[in-house]
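Subject: Structure handover

Hello,

Here is the structure I promised to pass on.

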Amino acid sequence: MNLAMRTLQLAGRESLTARHAENMLASGGLLVDIRSPVDFRRDALPGARNLPLASRSWDYRHLDKSAAVILCGTQDVSCARAARLLAGKGFRRIYHLADLCD
């Protein structure tokens, strides 16, 4: 287990499998892809919103704080950083889709 995953778990954030994520999305969860717009356009997951973490103005304000937020990206450290940023803005149900961040 690497440091980024420990950071997510110690911060109270859980890792999800694709099956768990599908169930959560069916119940109103939000799928947030933190990769660049180029990577997002190339192979985005259905229903995902692109919120590039590398953007100068990371605009999380259109996300519903009461909904479960499922982060996906290609690097554990990026998912951990996004989870910490969202937690600091009052989001409480933050998850990370393990299949893409591994």
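The notes below cover the salt bridges.

This is a predicted model, in which local features need pLDDT of at least 70 and side-chain atom pairs count only at pLDDT 80 or more, while totals for chains, interfaces and linings use all residues. Residues are numbered from 1 along each chain as its sequence is written, and side-chain values use heavy atoms, with hydrogens and water left out.

A salt bridge here is a side-chain nitrogen of Lys or Arg within 4 Å of a carboxyl oxygen of Asp or Glu. The count by that rule is four.

I also sort residues by relative accessible area: buried is under 20%, exposed is over 50%, and partly exposed lies in between (1.4 Å probe, protein chains only).

Start with Asp-39 and Arg-42. Their side chains form a salt bridge, 2.0 Å from N to O. The two are three residues apart in helix H3 (residues 37–43), so about one helical turn separates them. Helices are DSSP runs of H or I with at least four residues, numbered from the N terminus. Asp-39 is partly exposed at 24%. Arg-42 is exposed at 59%.

Next, Asp-33 and Arg-35. Their salt bridge spans 2.7 Å, N to O. Both residues are buried.

Then Asp-59 and Arg-61. The closest N and O atoms of this salt bridge are 2.9 Å apart. Arg-61 is exposed, with 65% relative accessibility. Asp-59 is partly exposed, at 30%.

One network remains to mention. Asp-33, Arg-35 and Asp-43 are joined in it by salt bridges that share partners.

Best wishes
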